Amino acid sequence: MTVLHADNVSYDIAGRSLVSNIDLICESGQFVALLGANGAGKSTLIRMLSGLERPSRGQVRLDARAIRAIDRRVLARRRAYIPQNARVEWPVAVERLVALGLMPQIPVFGDLDRAAWRKVEAALALCDLSHKTGQPATTLSGGELARAMLARALVGEPEIVIADEPLSGLDPKHAMDGVARLAALARDGRLIIASIHDLTLAARYATHVAIMRGGRLLAYGPTASTLTSSCIRAAFDVDACIQGSGAQAIVDFIARPDTPALHPFPGLAPA
Amino acid sequence: MVRPPQAPLPLMLALLLAAAGASLVIGKVWLPPVVLFDGLAAPKPNLAWLIVTELRIPRTVLALMVGATLGLGGAVLQGLLRNPLAEPGLLGVSGGAALGAVIAIYFGLAARFALVTPLLGIAGALAAGALTFLFGRSGTLTLILAGSAVSGLAAAGLALALNFAPSPYAAYEITTWLLGSVAEREWSQIVLCTPFILAGWLCLAATPRGLDALTLGEAQAESLGVNLNMLRALALAGVALSVGAATAMAGAIGFVGLVAPHLVRPFVGYRPSRILLPSAVFGALLLLVTDIAIRVIPTSAELKLGVLTSLIGTPFFFWLVLRLRRLSP
């Protein structure tokens, strides 16, 4: 059992507080969807949970050990991190891109052995990319690249996968496939933490939701009891109606009748 | 799994060997192999033996070391900065080395002790590297900015030296040195620079893992256990030592460090770690062949090595621009 604990963490930069006093405990088997408006502090929290950023106050602990005290390569074997809009810088083959995920496992000198290549092939198959193996990664479409990054994260079989908006820019089918894949990984016993903007997908697939606003944690708990219309209103300033539950859940937004219609060019609006 | 085409490393090494042989033969006085071997067999010192050991071999060794250093430095910096236009001079160390060497010439120290020029050149490169590190260590962009600031500072110093040159002859000497050459260097100078160049190569040889991880960008590289601050420091130290010492010996030689990584990259499947060795070998080959070409091309005044590499390199730069434009519409 893996436990990731954000113990009262805060993050300040240049006198501004991006994250304040967040307390969050996640365990293996959970798929935690991190929800919140733009600028709510999701990415900063994700970087701290990944051990990439040192909190200004408080600390993140992995199995009761301070995550920043864990050796870089040991930590890299246990948790995978996928940043927002991950890009590839050189036109390396897709298999090579995925194989980079094994870097913490292989010795400093030497190349991948047969067993490692089998892992790469398995990760490619898992992410439906077997047919793209030799293709330069720079020629992949947005959805394919997102899958390749997921394959890169999974190839080392980490206990924890932390992804920053893994669904952004994906079409509906690929977004659904992607989130279903993350949910399957959680059922498989891993801890998955992902920031997600599509509330319907979060409601359908996440086991838990953590809702942020202004750097604070508004609510955290099992999806069904935590993702409520009042909570959505508090986090996003929109009215929402939630229909159904589980795999049939739909979160829809409702325009408030008292909201004045916005004119695209206020100065030209008829009086 | 599709494997990238194998690097033509054996072919390049064979060409390198052939070029090194040709470099001993070709020059103002041609020494065909027969004459060469006769000279080695005959009682020493004789003319052929002197030409080979005191002129041709130092020149060849220096061209190989400088070319390999530029190729390797360019490959590491392009990988580190993930920018195909990065070249070894980017971090200001070449400017620092040139300034140090020019100070030696300016004060007339170079005429008195042969070792002063490379020594001050290396000191200049290390000072420039330290300055760049001091200001730019926190990130890649700041590293580039600090490097250009240090380059600018060195360029200002060079301009100042030319401005206040004690005599037209000194100004001429400074300008000629800046053009870049591997001719007429003494063994003692080469021996002085070699440890710095080797130490630099060692630092650069520790970077390939991190460079590969940077294919995924800085955030993911860090998440894979790469210490980015350490990687930047190693690359900067390696470039300051090796490129600094090379520039202190040979002056500013452009384009080799830019061109070599590009030409070998497709052969290794674009993997940043795998271009280091081929790029060094190709850089050495490129500089040696250019240096041989200088001796063959009939010109009234001596054509300088740095001038010819720039002449050859500029069309390549245009080609690079065209290619980038085609790739990103």
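Start in the largest nonpolar core, which has 175 residues: select A:Ala202 and B:Val66, the members that touch the most others. A nonpolar core here is a set of buried Ala, Val, Leu, Ile, Met, Phe, Trp, Tyr and Cys residues joined through C-beta atoms within 7 Å; buried means 20 or more other C-beta atoms within 10 Å of a residue's own, with C-beta atoms placed from the backbone. Helix α12 (residues 228-250) of chain B supplies the largest share of this core, 14 residues.

Before going on: this is a predicted model, where local features need pLDDT of at least 70 and side-chain atom pairs count only at pLDDT 80 or more, while totals for chains, interfaces and linings use all residues. Residues are numbered from 1 along each chain as its sequence is written, and chains are lettered from A and ligands numbered from 1 in the order in which they are written.

Now stay on B:Val66. Leaving out residues up to four places away in sequence, B:Val66 touches B:Val182, B:Ala246, B:Met249, B:Ala250, B:Ile253 and B:Leu287 (contact means C-beta atoms, placed from the backbone, within 7 Å).

Next, select helix α3 of chain B, residues 47-81 (helices are DSSP runs of H or I, at least four residues, numbered from the N terminus). Is α3(B) enclosed or open? With 25 of its 35 residues buried, α3(B) is largely enclosed by the rest of the structure. Zoom in on B:Arg56 for a kink of about 35°, shortly before B:Pro58; the bend is the angle between axes fitted to the seven residues ending there and the seven starting there.

Last stop: select the 26 residues of chain A in contact with 22 of chain B.

Note on methods: Helix = DSSP H or I, 4+ residues; strand = E, 2+ residues; numbered from the N terminus. Expected span 1.5 Å × (residues − 1). Buried ≥ 20, exposed ≤ 12 C-beta atoms within 10 Å, placed from the backbone. Contact = placed C-beta atoms within 7 Å.
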